[in-house]
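Please look over the model shown here before reading the notes. They are arranged by topic and can be checked against the coordinates.

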There are 2 protein chains.
Amino acid sequence: MTPAPGPAPLSWWVVRFEIYEIPFGKVSCVPLGGQVASPITFPQPGGDVTSNESGSRAATLSDVAKRAGVSIATASKALNNRDDVAVATRQRVVQAADELSFTPNAMAKGLLAGRTGTVGLLTSDLEGRFMIPILMGAEDAFGAGQINVFLCDARGDAIREQHHLKALLSRRVDGIIVVGRATDPRPSLGQSLPVPVVYAYAPSDDPRDLSLTPDNYSGGRLAVEHLLACGRTRIAHITGDPSYAAAQDRLAGARAGLEGAGLSLVGEPMFSEWSEHWGRDAAAMLLGQHPDVDAIFCGSDQIARGVLDTARDLGRRVPDDLAVIGYDNWEVLATNSRPELTSIDANLQMLGRLAAQRVFDAIDGVDIGSGEHHSPVRLVIRGSTIPRR
Amino acid sequence: MTPAPGPAPLSWWVVRFEIYEIPFGKVSCVPLGGQVASPITFPQPGGDVTSNESGSRAATLSDVAKRAGVSIATASKALNNRDDVAVATRQRVVQAADELSFTPNAMAKGLLAGRTGTVGLLTSDLEGRFMIPILMGAEDAFGAGQINVFLCDARGDAIREQHHLKALLSRRVDGIIVVGRATDPRPSLGQSLPVPVVYAYAPSDDPRDLSLTPDNYSGGRLAVEHLLACGRTRIAHITGDPSYAAAQDRLAGARAGLEGAGLSLVGEPMFSEWSEHWGRDAAAMLLGQHPDVDAIFCGSDQIARGVLDTARDLGRRVPDDLAVIGYDNWEVLATNSRPELTSIDANLQMLGRLAAQRVFDAIDGVDIGSGEHHSPVRLVIRGSTIPRR
DNA sequence: CTGTTAGCGCATTCAC
DNA sequence: GTGAATGCGCTAACAG
């Protein structure tokens, strides 16, 4: 009964499964021992060279026409709901198409129409956490409108990006969204492309392009204004790498917010990496040098998590003694901390959706304008700035 | 000089930027006040209806031929490096193509060739953390081989999935990878598709399909065997939702590992949600009821983070008094904890790459087999199980 | 109402 | 060597 005796094999293995009841009435599968069927040495594929065309070749319109006993043109009209076709005929055609599970060839259509109904999503770093919501928003917006998305990850490599761009153009995408991994300006793809381009998150360095990027300046301001509204006056700032525009813009916003209240930051802004570790270390330094700090604006949620850790270690009660606000509203971090973390949300999914909308518009011939547009951010209040009651 | 006076506008705004020096010699852009140029009411696009076809229509082969003063056929041969063309002619054609920045129309090619050089990536939930590495791996593998990827996110909705599937088929993708959000079996797309399908992460419920899924069983076993190797004998298990196959499989593996050493779990496995909160609460209960526990195997890194928190609160030293091991090797969590978290890594990027490879093979006519294949996992040792020295 | 024709952009015969 | 002709699957004009 002991499954898979011996150490776990370091190769892929095939198992049969057994359905069995588990708690809560759900059903699951676990491997059974002794049934390692066809071990496959790991990185190498199987090897048997046999044809694997599961179903047969996809049916074409001419197949349908033949089966329905009509001409290709008539079949086309019938399936496209053109009104100059007899009801009975249409029915025959539709049925034939159904029986053959006919799917019109989008390529052939595109060849005629001159547009493909596809767009390219050129990201510079899929790994990046900011990429995903933008991607989701875009995919969502397009998906709803029958447009399909080519995903291209350039891995932050300009060569690869150029390569992907070429591929996208050769596929005749109707538009391109370029998603960067930071809010720092990135090189433009140029003005001579035959399709509209929208830059999301990372703006293009060419103002003739249209760029949508989060409003970090307002985000910093919003954060500080919230802290001020909570009655805090001795506010410090711990943030990440100063070479990031995000760090600078948020700081500038924060300073503006403070100035508006006739205040300024406690101490100098503390820059280093965007990590929890840095948050912990920086908070320890800060609270040592400026024990009277009553609020910390953190440049990221990760940093804020570190700050919360140190506050707890030093016996500072959050939010009573010390208010902490993060940035990015990374839910898994923000909602699992003690207390839960107030943060600034950049609405990235909406940003992606909007970028898609802009590409849509451009495809439809609408002038989408140019320049760097800053998308609004929002404050998400949780327990680290206002005590729960 | 104060940028953007007044509260942050709740609409998009266009700014001019000013280049200025920031610390560390880098350059950044910040918005300047008073230059809000063309405010765009937020969710609505611009509206001016003018043509925006940036460059002109993409050049065709016939354009190139005309410019080079040859026939279309010759131009084609020249550009495709066929050898029956004069050197001088080829040169003229290539130059003409270059001047027109000619890009062959992949659709037209595909129409001829009967294959498109595209594959569909059908995910059920882009948001999911496990999706991304798989996606990256697949995109990577394909990208290298000149194949482009259609990304489709079904948002966990069967209807939407069917919709996307149809779209993919109509685009005549050469293959499809289906990525699920959990390791529980999911409904098969069926056997009658005209293209090969590979299931990644979530296996298909039909054994005739090929599925690649992480070996959670071995992962659980590996985790426990590591704890045993560290000299721990009183091992408890805190994990997530028991309705997940992942929870059950890892548990089964852990039990097998313990049995191999003539041991068993301390207490019952503790199930609830896959959250840091639960990790904290569960650890508190566990350490209250079984103070002699010397190691905890956690079903996820999030849970492990919670466990570490509680251990610290209760004054348990990790790893000396208590070893903690997580699951998933979510770097941002694992490397930022105190101490850093030992964890099991499912090699998801490799899984994605392999799935892509299998689709490749199938396209090439290689038999890729069927059934549920379990991909090897690996142990990543950090400070939460072995003290750093 | 239905079928014939033309052509989207390209690669591939096959004549010249 | 080169170019005219054919067809991939489909839709949009027409002609019947």
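Predicted model: local features only at pLDDT ≥ 70, side-chain atom pairs only at ≥ 80, totals over all residues.

In brief, 23 residues lie around DNA strand C and 25 surround DNA strand D. Chain A also holds an open sheet of 4 strands with parallel pairing.

- Sugar or phosphate supplies 62% of the atoms of DNA strand C within 4 Å of the protein, and bases supply the rest.
- A base is reached by Lys77(A), which has a polar side-chain atom 2.6 Å from a base oxygen of DNA strand C.
- By residue type, the surface near DNA strand C has 12 nonpolar, 7 polar and 4 charged residues.

**Surface near DNA strand D**

- Closest to DNA strand D are Leu61(A), Thr74(B), Lys77(B), Ala86(B) and Thr89(B).
- Of the atoms of DNA strand D that come within 4 Å of the protein, 65% belong to sugar and phosphate.
- The side chain of Ser76(A) has an N or O atom 2.8 Å from a phosphate oxygen of DNA strand D.
- Ala86(B) places a polar backbone atom 2.7 Å from a phosphate oxygen of DNA strand D.
- For Ala108(A), a polar backbone atom is 3.3 Å from a base nitrogen of DNA strand D.
- H2 and H4 of chain A and H2 and H4 of chain B are the elements that give two or more residues to the surface near DNA strand D; the largest share, 4 residues, comes from H2(A).
- This surface divides into 13 nonpolar, 7 polar and 5 charged residues.

**Annotated span in chain A**

- According to an unreviewed UniProt entry, residues 59–113 of chain A carry the annotation "domain: HTH lacI-type".
- That span is 67% helix and 0% strand, and its end C-alpha atoms lie 21 Å apart.

**Sheet in chain A**

- The strand order in the open sheet is S10-S9-S11-S12.
- S10 and strand S12 (323–325) of chain A are at the edges with a single partner strand each, so one side of each has no neighbour in the sheet.
- Strand S9 (residues 235–239) of chain A has 5 of its 5 residues buried.
- Ile235(A), His237(A) and Thr239(A) point one way from S9(A), while Ala236(A) and Ile238(A) point the other way.
- S9(A) pairs in the parallel sense with strand S11 (residues 295–298) of chain A over 4 bridges; Ile235(A) stands opposite Ala295(A), and Ile238(A) has Cys298(A) as its bridge partner.
- S9(A) also runs parallel to strand S10 (residues 270–271) of chain A, joined by 2 bridges, with Thr239(A) opposite Phe271(A).
- A right-handed β-α-β unit is made by S9(A), helix H8 (residues 245–260) of chain A and S10(A).

**Single loop residues**

- Tyr201(A), not a glycine, has a positive phi near 70°. Tyr201(A) lies in the loop between strand S7 (197–200) and strand S8 (210–214) of chain A and counts as buried because its relative accessible area is 4%.
- Arg155(B) likewise has a positive phi, about 55°, without being a glycine. Arg155(B) is in the loop between strand S5 (148–153) and helix H6 (158–170) of chain B and is partly exposed at 23% relative accessible area.
- Ser124(A) is in the loop between strand S4 (118–123) and helix H5 (131–144) of chain A. Ser124(A) is buried at 10% relative accessibility, and its side chain reaches the backbone nitrogen of Arg181(A) at 3.4 Å.

Terms used
Residues numbered from 1 in each chain as written. Chains lettered and ligands numbered in written order. Heavy atoms only, no water. Near = heavy atom within 4 Å. Polar contact = N/O pair within 3.5 Å; in protein donor to acceptor, adjacent residues only side chain to side chain. Nonpolar A, V, L, I, M, F, W, Y, C, P; charged D, E, K, R; others polar. Buried < 20%, exposed > 50% of the residue type's maximum accessible area, 1.4 Å probe, protein only. Pairing = 2+ DSSP bridges. Right-handed = clockwise from strand over helix to strand, strands pointing away. UniProt positions renumbered as here; feature names shortened; annotations may be inferred.
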